[in-house]
Amino acid sequence: AGPKELLDAEARKRLRQEAGLPAEGFVVGLFGRMEPYKGQTLMLEALASANAAGEAIHALLIGHEMEPGYRATLQQQAQELGIADRVVFQDFVENPQRWMQLCDVLALTTVEETFGLVLVEAMRAGVAVMGSDRGGVPEIIRHEENGLLFRSGDSADLYAQLGRYYREPEFRQRLAAAGKADADQRFNEQMHFVELRRLFAAAAEGKSN
């Protein structure tokens with residue numbers, strides 16, 4: 001289903017500030033379990049590259065830590081990279097699509113994701129998306145048409161693609177609109193279970209080959 005609630009500009013600003021994010025700045029979101037395989041460290045490295053280039057990219061990292069202390073490890077990494085003030089960490093949230101709308105971009109940085117439902121949810125909320133080029137993600141994202149792909153595990157390419165969204169707002173808005181139209185068509189109430197089954201089957205077949 002699409003988001004139950006679409007935020008207007010004022011609500012978005014207010015909720016951003018309540019979360020510790022800049023009201024007007026550029027925010028990339030990363031939603032998922034906090035564990036090494038999910039690639040949060042890649043996002044922190046990409047943010048450090050942006051910071052070194054004088055680009056103010058902020059990140060919202062939402063998810064439950066799978067091993068106690070892992071979030072603290074990520075926070076320490078952010079501190080060492082000099083970007084602690086650019087990153088907000090948040091535990092699991094009840095209404096993720098509401099939080100997605102606080103972001104300019106939603107990224108999926110998992111090494112290899114079987115499907116990536118979080119991408120579909122973000123697309124249907126009208127948020128630009130990006131993901132790694134392995135697993136089931138390329139089934140959802142068509143590079144430069146409805147989102148962007150980056151080389152799996154490559155923080156430099158993650159930064160390069162994220163930088164395109166940051167520097168080209170019209171490009172970002174165009175891909176976000178295309179992503180929403182595509183996801184609304186492919187994953188609407190009637191069709192999305194059929195499509196999910198097809199994508200899961202295709203991903204499973206790919207893994208067995």
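Predicted model: local features only at pLDDT ≥ 70, side-chain atom pairs only at ≥ 80, totals over all residues.
Visitor: What percentage of the residues count as buried?

Guide: The cut-off is a relative accessible area under 20%. By that rule, 51% of the 209 residues are buried.

Visitor: How does the radius of gyration fit a compact globule?

Guide: The value is set against what a compact globule of this chain length would have. For 209 residues that would be near 17 Å, and the protein has 16 Å, which agrees. Along the principal axes, the C-alpha atoms fill a box of roughly 45 × 40 × 30 Å.

Visitor: Which elements make up the secondary structure, and what share of contacts joins residues 24 or more positions apart?

Guide: There are nine helices and six strands. Among contacts with a separation of 6 or more, 65% are between residues 24 or more positions apart.

Visitor: Is helix H5 enclosed or open?

Guide: Burial can be counted along an element. H5 spans residues 117-124, and six of its eight residues are buried, so the helix is largely enclosed by the rest of the structure. The buried ones are Val 118, Leu 119, Val 120, Ala 122, Met 123 and Arg 124.

Visitor: What covers the buried residues of H5?

Guide: The cover includes strands S1 (26-31), S4 (105-108) and S5 (128-132), together with helices H4 (96-100), H6 (137-140) and H8 (169-186). Just after H5, Gly 126 has a positive phi of about 80°.

Visitor: Which residues does Lys 180 touch?

Guide: Neighbours up to four places away in sequence are set aside. Lys 180, in helix H8, then touches Met 123, Arg 124 and Gly 126. Its relative accessibility is 29%, so Lys 180 counts as partly exposed. The C-alpha atom of Lys 180 is 8.1 Å from that of Asn 146, a residue 34 positions away along the chain.

Visitor: Is Glu 113 buried or exposed?

Guide: A loop position can be read in the same terms. Glu 113 lies in the loop between S4 and H5 and is buried, with a relative accessible area of 16%. Beyond its sequence neighbours within four places, its contacts include Lys 38, Leu 108 and Arg 134.

Visitor: How many aromatic pairs are found in the structure?

Guide: The search finds three. One of them is Phe 26 with Tyr 166, an edge-to-face pair with 5.3 Å between centres and 85° between planes. Phe 26 sits in strand S1 and Tyr 166 in helix H7 (residues 155-167), so the pair ties together parts 140 residues apart in sequence. Phe 26 is buried at 7% relative accessibility, whereas Tyr 166 is partly exposed at 26%.

Visitor: Which residues are in contact with Val 88?

Guide: Val 88 belongs to strand S3 (residues 87-90) and is buried, with a relative accessible area of 14%. With neighbours within four places left aside, Val 88 contacts Ala 19, Gly 20, Leu 21, Ala 59, Leu 60 and Leu 61.

Key:
Residues numbered from 1 in each chain as written. Heavy atoms only, no water. Helix = DSSP H or I, 4+ residues; strand = E, 2+ residues; numbered from the N terminus. Rg over C-alpha atoms; globule rule 2.2 N^0.38 Å. Buried < 20%, exposed > 50% of the residue type's maximum accessible area, 1.4 Å probe, protein only. Contact = heavy atoms within 4.5 Å. Phe/Tyr/Trp six-rings, centres within 6.5 Å; stacked < 30°, edge-to-face > 60°.
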